[in-house]
Amino acid sequence: MPLEPGRKRTPDELNFDVVGLARILGRRLSGRDELQVRLWQNELRPTHTRQCGVHTLAEPELLEQTAAEALAWLAERAPAGYEFVRTDAVELRPVLDLTAPVVAVDAVIELAATTLPAARLAAAHVRRTGSGWYAGNAVCNWSGPHETEAAAVAVVQAARDELVEQLRAAGREDLADTAPRWPDVPVS
């Protein structure tokens, strides 16, 4: 697709972002590799403000290779039932294979292709804030505050049980039957 300065990163900018994401998530580089990343940073992301979608490297091959290694590193660390996919960004997507050993609730919801009232809370994770335990996603809390982690997890599990019933009512036995392979409610 054609580049869109200001809207879509160049392949070099995206490769640099993949390397950066892996570093943020804990990938350690040797001193030499760390220096190379700094050099790419100076060339692609100078400290002053510049528009994205216009920066390229003279010799991008090493960055392409490093980004491929970083994406492989990320893939090894994807949560059960999910995979990292590189499009015009790096996305964490549910694996849509119903025969997989672990089937993410998000995959079931996506494959159902219908409105399921329990879906949002059934796919939630639990996290602690200063005022208690909440069930939600990275942006919104859908249930809480709860006194304990177990209480918040119980709310999500109840929504998952309700989701199974809603799937059966919608005639999607194939999706409902994956419930024993859903991962535990994520807690952070």
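**A hairpin to begin with**

Select Arg86 first, and you will find that it stands opposite Val90 in strand S2. Before going on, note that this is a predicted model, in which local features need pLDDT of at least 70 and side-chain atom pairs count only at pLDDT 80 or more, while totals for chains, interfaces and linings use all residues. Residues are numbered from 1 along each chain as its sequence is written, and side-chain values use heavy atoms, with hydrogens and water left out.

Now extend the selection to strands S1 (82–86) and S2 (90–94), where helices (H or I, at least four residues) and strands (E, at least two) are DSSP runs numbered from the N terminus. S1 and S2 pair in the antiparallel sense over five bridges, pairing being assigned if DSSP finds at least two bridges between two strands. Together S1 and S2 form a hairpin, with three residues between them.

**Helix H3**

Select helix H3 (61–76) next. H3 has 16 residues and reaches 23 Å from its first C-alpha to its last, which is close to the 22 Å expected at 1.5 Å a residue; the expected span is 1.5 Å times one less than the number of residues. Colour Leu63, Thr66, Ala67, Ala70, Trp73 and Leu74, which are the buried residues of H3. Here buried means under 20% relative accessible area, exposed over 50%, and partly exposed in between, with a 1.4 Å probe and protein chains only. Looking down the axis of H3, you will see these buried residues fall within an arc of 115 degrees, so they line one face of the helix; the arc is that of the directions from the helix axis to the C-beta atoms. On the other side of H3, Glu61 and Glu76 are exposed. The buried residues of H3 pack against H1, H2, S1 and S2, with contact meaning heavy atoms within 4.5 Å.

Select helix H2 (residues 31–44), whose 14 residues should span 20 Å at 1.5 Å a residue, and whose end C-alpha atoms are 20 Å apart, which agrees. Which residues of H2 are buried? They are Val37, Trp40 and Leu44. Seen down the axis of H2, its buried residues fall within an arc of 60 degrees, so they line one face of the helix, whereas the face turned away from the buried side carries the exposed residues Gly31, Arg32, Leu35 and Asn42.

With H2 and H3 both shown, notice that their axes come within 12 Å and cross at roughly 115 degrees. These axes are lines fitted to C-alpha atoms, for helices over the stretch in contact, and angles run from 0 to 180 degrees between N-to-C directions. The contact is made by Gln36, Trp40 and Leu44 of H2 and by Leu62, Leu63 and Thr66 of H3.

**The loop between them**

Select Arg50, which is found in the loop between H2 and H3 and which, at 48% relative accessibility, counts as partly exposed.

**The last stop: an open sheet**

Finally, select the three strands that form an open sheet in the order S3-S4-S5, with antiparallel pairing. Strand S3 (125–129) and strand S5 (141–146) stand at the edges, each with a single partner strand, so one side of each is left without a neighbour in the sheet.
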